[in-house]
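Please find below my note on the structure you sent. The points are numbered so that they can be taken up one by one.

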Amino acid sequence: MMARLIGGLDRFVAAVLSGGRWLLLPVVTLLLLQWPLRDIFRAWSRDANDLGQWLFALYVAMAFTAATRAHTHLAADAVARRYTEQSRRLIARLGVLLGLAPWALFVVIGGAKLVIPSLRALETFPDTNNPGYFVIKLALWLLAGLILLQGAIDLARPRGSAG
Amino acid sequence: MTGLVLLVLVGLGIVLTGLPAAVVLIGVASAGAAFGVLTGVVPFALLSALPGRLVNLLENDLLQALPLYVLMGLLLDRLPVADALYRTSAAILPRGPAAQLVAGMGLGALLGPMNGSVGASVLGLSKVVAPRLAAHGVNEPARAALVAVASTLGVVIPPSLVLILLGDAMLGAHTIAVTSTGRQDRVINTQDVFHGALAPAGLFLVLSLLVAWLAGRRLPASRADAPDERPSLGQVVLAILSVAFLLVLLGAVALGYFYAVEAAALGAFVLFAGGLVTGRLTGAALRAVLTQAMATSGALFALLIAATTLTLVLRILGTDKLVADWVTALPGSELTIVAIVLGAIGLSAFVLDAFEIIFVIVPIVIPPLLIRVADARWVAVLVLLTLQTSFLLPPFGYALMMVRGTLRYAGSLAALTRALVPFLLAQWLVLATVLLFPQLAHLGEKESDRTRATPPVSAQELNRRLEDMLTPIPELVPPQ
């Protein structure tokens with residue numbers, strides 16, 4: 001039962017990240033368009049910036065967990081590579097349990113004061129009044145939520161399985 | 001003092017646990033915050049500033065450049081641009097190991113600004129340059145040293161990712177310094193750091209090419225079976241177009257026609273279009289590039305998020321005030337004070353990499369330094385050069401670690417260090433020259449852009465201003 005739940009969570013996180021990676025293409029396009037829109041057409045540059053901004057927020061919110069799953073986080077293992085595999089796994093679990101998980105939980109709870117009112121009001125961008133500013137605040141929950149889910153997956157994963 | 005203990009724990013945690021630096025930073029910050037709350041030193045309400053600070057990161061315009069640079073680096077790795085540039089430059093020079101080393105260094109200088117990140121440069125150069133150096137009889141430590149040094153050229157040649165992130169950190173530090181001193185200076189921006197870095201970067205590049213050439217001259221002539229890889233006409237055209245595009249990109253950013261983020265977007269877009277047109281970015285390859293881009297961007301952003309958490313806790317614990325007091329109490333001239341602070345940054349480079357230094361150390365030590373030293377552009381360039389050194393310092397320099405892993409380096413660290421020494425000496429020579437001749441960071445600067453010199457301030461006045469600077473910011477004041 002537990003294994004199926006963890007497997008399901010794992011597939012869910014993988015699916016979210018798999019979809020999220022495509023956001024980079026519109027971010028590139030919108031940021032590129034800013035220049036001609038501002039200097040040649042003299043219109044819609046701010047709108048392109050706003051749209052690019054909330055897509056970027058969603059993208060980087062997911063990227064933290066993508067790095068965790070791909071093991072691309074910067075780490076210095078010149079000393080730790082001499083530890084046994086079991087010790088390294090234990091240290092990694094402690095890192096999740098004592099570092100990432102409580103932090104992410106704090107961000108979810110502490111961020112509620114920012115996210116919920118923004119979501120209720122469908123907050124717009126302060127300078128342009130364009131819609132979508134609430135998405136940036138919602139991205140905070142996405143960031144912390146994915147870290148929590150990945151932490152749960154890593155902690156519950158049976159010993160010895162790839163992670 | 002608790003904050004300083006936390007900083008030591010960060011260093012130890014990174015070195016001893018092998019955990020990702022971001023996890024260590026978050027873990028230490030959480031432990032410090034919990035300890036502070038339990039002992040009554042930290043009011044719990046102050047920690048509620050964290051989510052707001054994280055949202056600031058998510059909406060930061062400048063940080064949008066981060067995944068764009070990562071994407072550029074990955075695309076360069078998949079497209080034949082590096083190969084064409086290397087073959088063409090090696091073909092111009094006389095045949096032999098020296099030409100290969102110089103061409104490799106030159107390739108680092110050309111690729112660095114385009115892909116922005118040291119990691120991406122290491123991957124690209126390891127693939128294109130290292131095998132050819134081996135074929136020409138260049139020994140393993142010399143190969144690894146060259147790839148490592150060439151990979152860091154992008155740090156100082158604009159518009160690199162390190163330069164952009166340091167520009168942002170300097171902007172924050174200078175804002176604090178200008179506000180607290182009441183000076184009328186224009187706050188430094190990324191563009192100022194770009195301009196300031198150009199001359200020192202050029203000087204270091206010339207010295208590096210010279211060192212590479214001299215190192216190559218000492219090696220035995222290329223083996224008879226070394227491949228004679230003359231570029232095809234298509235490769236020469238591609239190389240010329242790439243250099244022209246880079247110069248246009250650099251020039252447009254330097255002249256202010258578009259921002260660094262837009263330059264990065266343009267570079268990524270052109271490479272992406274090139275990949276589609278040449279058929280090298282088909283469905284599976286495109287998905288792989290996007291997956292890798294997200295994972296690499298996430299690693300950098302995780303570090304930023306973790307450092308934001310730690311610096312908030314350090315600030316609540318008053319570590320910034322303690323460091324500011326120390327910097328204020330430093331005796332001597334501006335030169336001495338800057339040298340001492342750079343030395344401290346250099347020492348931290350033994351355990352932290354450049355990104356960690358920018359996100360954790362710079363926000364703590366640079367604001368008080370800029371209160372005493374008004375020339376922010378000079379300080380920024382010096383910090384940038386120190387960061388470049390930090391990538392190369394054994395044993396934990398990020399470029400060195402990447403090179404050892406990517407090239408599967410089997411030699412000793414001592415041999416690699418010996419091969420690095422001439423380059424490090426050249427690097428330190430540039431650093432010392434900029435330190436002694438600040439005008440090197442101001443070449444071509446307009447009068448309107450100049451940082452206004454401030455009249456000397458009394459120690460008493462300086463202390464008062466520091467106290468003002470360190471009064472709690474509104475978001476850190478507990479709700480009534």
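Predicted model: local features only at pLDDT ≥ 70, side-chain atom pairs only at ≥ 80, totals over all residues.

1. Fold of chain A. The secondary structure of chain A consists of five helices and zero strands. Read from the N terminus, its elements follow the order α-α-α-α-α. The radius of gyration of chain A is 19 Å, whereas the globule rule gives 15 Å for 163 residues; the value is well over the rule, so chain A is more spread out than a compact globule. The C-alpha trace of chain A spans about 60 × 35 × 30 Å along its principal axes.

2. Burial and contacts in chain A. Of the 163 residues in chain A, 42% are buried. Among contacts in chain A with a separation of 6 or more, 72% join residues 24 or more positions apart.

3. Fold of chain B. Chain B has 21 helices and zero strands. Its radius of gyration is 23 Å, close to the 23 Å that the globule rule gives for 480 residues, so chain B is as compact as a globular protein of that length. Taken along the principal axes, the C-alpha atoms of chain B fill a box of roughly 75 × 50 × 45 Å.

4. Burial and contacts in chain B. Buried residues account for 60% of the 480 residues in chain B. For contacts in chain B with a separation of 6 or more, the share from residues 24 or more positions apart is 82%.

5. Packing of α1 and α2 in chain B. Helix α1 (residues 2–17) and helix α2 (residues 21–38) of chain B cross at roughly 145 degrees, and their axes come within 9 Å. The crossing of α1(B) and α2(B) is right-handed. On the α1(B) side the contact includes B:Leu6, B:Leu9, B:Val10 and B:Ile14, and on the α2(B) side B:Val24, B:Leu25, B:Val28 and B:Phe35 are among the residues involved. Sorted by class, the contact of α1(B) with α2(B) has nine nonpolar, four polar and no charged residues.

6. Packing of α10 and α17 in chain B. Helix α10 (residues 161–181) and helix α17 (residues 354–372) of chain B pack at an angle of about 30 degrees, with axes 8 Å apart. Angles under 35 degrees count as roughly parallel, and α10(B) and α17(B) are therefore roughly parallel to each other. Their crossing is right-handed. Residues of α10(B) including B:Leu165, B:Met170, B:His174 and B:Ile176 meet residues of α17(B), among them B:Phe355, B:Phe359, B:Val362 and B:Pro367. The contact of α10(B) with α17(B) comprises 17 nonpolar, three polar and no charged residues.

7. Positive phi at A:His71. Although A:His71 is not a glycine, its phi is positive, about 55 degrees. A:His71 sits in the loop between α3 (45–70) and α4 (85–120) of chain A. Its relative accessibility is 56%; the cut-off for exposed is over 50%, so A:His71 counts as exposed.

8. Positive phi at B:Arg408. B:Arg408 is likewise not a glycine and has a positive phi of about 50 degrees. The loop between α19 (398–406) and α20 (413–436) of chain B holds B:Arg408. With a relative accessible area of 71%, B:Arg408 is exposed.

Definitions and conventions:
Residues numbered from 1 in each chain as written. Chains lettered and ligands numbered in written order. Heavy atoms only, no water. Axes fitted to C-alpha atoms, helices over the stretch in contact; angles between N-to-C directions. Helix = DSSP H or I, 4+ residues; strand = E, 2+ residues; numbered from the N terminus. Parallel < 35°, antiparallel > 145°, perpendicular 65-115°, else oblique. Left-handed = near helix turned anticlockwise from the far one by under 90°. Contact = heavy atoms within 4.5 Å. Nonpolar A, V, L, I, M, F, W, Y, C, P; charged D, E, K, R; others polar. Rg over C-alpha atoms; globule rule 2.2 N^0.38 Å. Buried < 20%, exposed > 50% of the residue type's maximum accessible area, 1.4 Å probe, protein only.
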